[in-house]
Amino acid sequence: MIETRGMTKVFGGLVAVNDLDMKVRRGTIHGFVGPNGAGKTTTIKMLVGLLRCSSGKGLIKGLAAGSKDARRIVGYSPERPPLYSDMTTEDYLKFMARLSGLKSAEAVNRTAELLDLVELTGFKDSKVGGFSAGMKQRLGLAQALVNHPELIILDEPTANLDPTGRRTVINKLKKLNYEHNITILISSHILPELEQLIDSVTLINKGKSVIENDLDQVKEDFKRDRYRINTSDNKRVIDTLKVKSYVDDIQVDQAGDIHITCLDAQILQDDLIDIITEHKLRLTTFDEETIKLDDIYSQSLNIGEEQ
Ligand SMILES: Nc1ncnc2c1ncn2[C@@H]1O[C@H](COP(=O)(O)OP(=O)(O)OP(=O)(O)O)[C@@H](O)[C@H]1O
Ligand SMILES: [Mg+2]
């Protein structure tokens, strides 16, 4: 659905997006992550035709990004949607629907559908200017869907929402993808939330792609044998295990749980059973720790390896 080939944007002396090759498969939800200033918004703006590439190109379903044909199949919700504050919610959406080429009657129907979708029907006669940041963002999402797009590109769509609002938007996005097969490219800094939503991910830093793959594959690549253990005598467990050659790292967290990274999980398990039986300890926790998108992000960017 999306392909960029050597996409580059230079602002004066600053290379904001640097030779980016990125692919988003049709029908997927693709996360776009990276630190502040990494180049996400700049990339998105080139994809929707708000900025020209300095070199390279972007393709939407094989069509030149920003071309009229490409724009027809893309919906876009910017980080801070520019809304006409004097209009009512209903008039605003109708106006956007007409702009996207819908006839008057179609625009009325579409507006009602979208107000229902983003749960703003009760505010259809309210002026947009008085809306909270979260309501504006929901209206921005509705506006992105006005032309029945095959692809929606959302720049931090949940940044200003409260937890309930975020969950609502995330569930809506899942539904749009699942029921209408809409491809979604979503940038976000809220990684635990993004992780619940996406199929695949691109991580960029300083305009360059650092990781791009299916989320499951990225997790597999970063997987370490890491276990969380708690017993009735953690000190004894730590003292016994810390000298073992297969143990890479042992930490204790604030809750008192032991976190062990090891090179051979089988020997760890055998040794742990020995310690527990020999000293008659009680084992209260033994979990394999799954890697989180947050950990992958920090490791890839070498941010604070605290554990
Ligand atoms: N119009 C512009 N003129 C000059 N520099 C710009 C312009 N737009 C963006 N930049 C610079 O390009 C770089 C990338 O910015 P961009 O907004 O794409 O980052 P981002 O990944 O979206 O960051 P954030 O997570 O903070 O939204 C930054 O260094 C930014 O200052
Ligand atoms: Mg941005």
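Trainee: Which residue in strand 4 stands opposite R5?

Mentor: R5 faces K57 there. Before going on, know that this is a predicted model: local features need pLDDT of at least 70, side-chain atom pairs count only at pLDDT 80 or more, and totals for chains, interfaces and linings use all residues. Residues are numbered from 1 along each chain as its sequence is written, while chains are lettered from A and ligands numbered from 1 in the order in which they are written.

Trainee: How many bridges join strand 1 to strand 4?

Mentor: Two strands pair if DSSP finds at least two bridges between them. Strand 1 (residues 2-11) and strand 4 (residues 55-60) run antiparallel, with five bridges. Strands here are DSSP E runs of at least two residues, and helices are H or I runs of at least four, numbered from the N terminus.

Trainee: What do strand 4 and strand 5 form?

Mentor: A hairpin, with two residues between the strands. K61 in the turn has a positive phi of about 50°. Strand 5 (residues 63-64) pairs with strand 4 in the antiparallel sense over two bridges, and L59 stands opposite A64.

Trainee: And how do I read packed helices?

Mentor: Two packed helices are described by the angle between their axes and the distance between the axes. Helix 9 (residues 234-241) and helix 10 (residues 265-279) pack at about 135°, axes 11 Å apart. Axes are lines fitted to C-alpha atoms over the stretch in contact, and angles run from 0 to 180 degrees between N-to-C directions. That makes helix 9 oblique to helix 10 (under 35 degrees is roughly parallel, over 145 roughly antiparallel, 65 to 115 roughly perpendicular, the rest oblique).
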